[in-house]
Amino acid sequence: MTHILLLDDEANILNALKRLLRDEDWQVDAFTDAESAIEALRTTTYSVIVSDYKMPVMDGVTFLQFARQRQPDAIRLMLSGHGDRQSMINAINRAAIYRFLPKPWEDYEIQAAIRSAVDLYQVTVENRQLLEQIKRQNDLLRRREEELLRLEQDNPGITRVRRDQDGS
């Protein structure tokens with residue numbers, strides 16, 4: 001199941017986002033404080049993490065930096081009503097966010113951004129799994145090749161096949 005983490009210090013924003021995402025087949029966890037969200041990062045693997053930019057105690061960039069260290073594959077999005085250029089650059093550079101979403105938002109923008117982030121996460125995970133599979137297969141091939149070389153050294157000609165004129 002796809003897990004989405006939402007963090008915003010305003011409960012009404014979280015409720016609106018949850019309503020917006022309720023038709024999707026996702027588990028949406030919403031938090032009003034960063035400490036609870038950090039605790040959730042320790043127990044649940046999230047595909048997408050959405051955080052508000054300005055919050056008391058811990059800002060969104062700091063939270064997303066921690067989330068990046070804890071779950072590097074999760075796709076991070078920043079939600080903010082304060083869209084100045086420097087804050088966007090800061091968020092992109094420090095927390096490697098995927099998208100910067102404005103407040104107030106258009107519903108379709110949020111839905112499309114989160115769907116896109118979920119798709120990107122799935123492709124990233126699939127690519128990692130395929131890479132691991134290729135590494136295992138290459139390792140197996142290398143070991144088999146080493147075994148053939150060993151057999152050939154111990155018994156010269158054992159790895160060659162001689163066929164007669166009819167192929168037998």
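This is a predicted model: local features need pLDDT of at least 70, side-chain atom pairs count only at pLDDT 80 or more; totals for chains, interfaces and linings use all residues.
I'll start with helix packing. Take helix 2, residues 34-43, and helix 3, residues 60-70. Their axes come within 10 Å and cross at roughly 10°. Angles under 35 degrees count as roughly parallel, so helix 2 and helix 3 are roughly parallel to each other.

Which residues make that contact? On the helix 2 side they are A34, A37, I38, L41 and R42, and on the helix 3 side F63, F66, A67 and R70. By class, the contact of helix 2 with helix 3 has 7 nonpolar residues, no polar ones and 2 charged.

Next, helix 1 and helix 5. Here too the axes come within 10 Å, but the crossing is at roughly 70°. The band for roughly perpendicular is 65 to 115 degrees, and therefore helix 1 is roughly perpendicular to helix 5. The crossing of helix 1 past helix 5 is right-handed.

The residues involved are L17, L20 and L21 from helix 1, against D107, I110, Q111 and I114 from helix 5. The contact of helix 1 with helix 5 divides into 5 nonpolar residues, 1 polar and 1 charged.

Now the salt bridges. Side chains of opposite charge can pair when their charged atoms come close. The cut-off used is a side-chain nitrogen of Lys or Arg within 4 Å of a carboxyl oxygen of Asp or Glu. How many salt bridges does this rule give? The count is 10. I'll go through some of them.

R115 pairs with E24, with the closest N and O atoms 2.8 Å apart. This pair links distant parts of the chain, 91 residues apart: R115 sits in helix 5, residues 107-154, and E24 in the loop between helix 1, residues 11-21, and strand 2, residues 26-31.

The next pair lies within helix 2. E39 and R42 are 3 residues apart in helix 2, which means about one helical turn separates them. E39 is partly exposed at 44% relative accessible area, and R42 is partly exposed at 45%.

E147 and R150 are 3 residues apart in helix 5, so they are separated by about one helical turn. Their side chains meet in a salt bridge at 2.5 Å, N to O. E147 has a relative accessible area of 34% and is partly exposed. R150, at 38%, is partly exposed too. There is also a network: D139, R142, R143 and E146 are joined by salt bridges that share partners.

Where is T2? T2 is in strand 1, residues 2-7. Its relative accessibility is 12%, and buried means under 20%, so T2 counts as buried. What does T2 touch? Leaving out residues up to four places away in sequence, T2 touches W26, Q27, S47, V118 and Q122.

Note on methods
Residues are numbered from 1 along each chain as its sequence is written. Side-chain values use heavy atoms; hydrogens and water are left out. Axes are lines fitted to C-alpha atoms, for helices over the stretch in contact, and angles run from 0 to 180 degrees between N-to-C directions. Helices (H or I, at least four residues) and strands (E, at least two) are DSSP runs, numbered from the N terminus. Angles under 35 degrees count as roughly parallel, over 145 as roughly antiparallel, 65 to 115 as roughly perpendicular and the rest as oblique. Contact means heavy atoms within 4.5 Å. Ala, Val, Leu, Ile, Met, Phe, Trp, Tyr, Cys and Pro count as nonpolar, Asp, Glu, Lys and Arg as charged, and the others, Gly among them, as polar. Buried means under 20% relative accessible area, exposed over 50%, partly exposed in between (1.4 Å probe, protein chains only). A crossing is left-handed if the near helix is turned anticlockwise from the far one by less than a right angle, and right-handed if clockwise.
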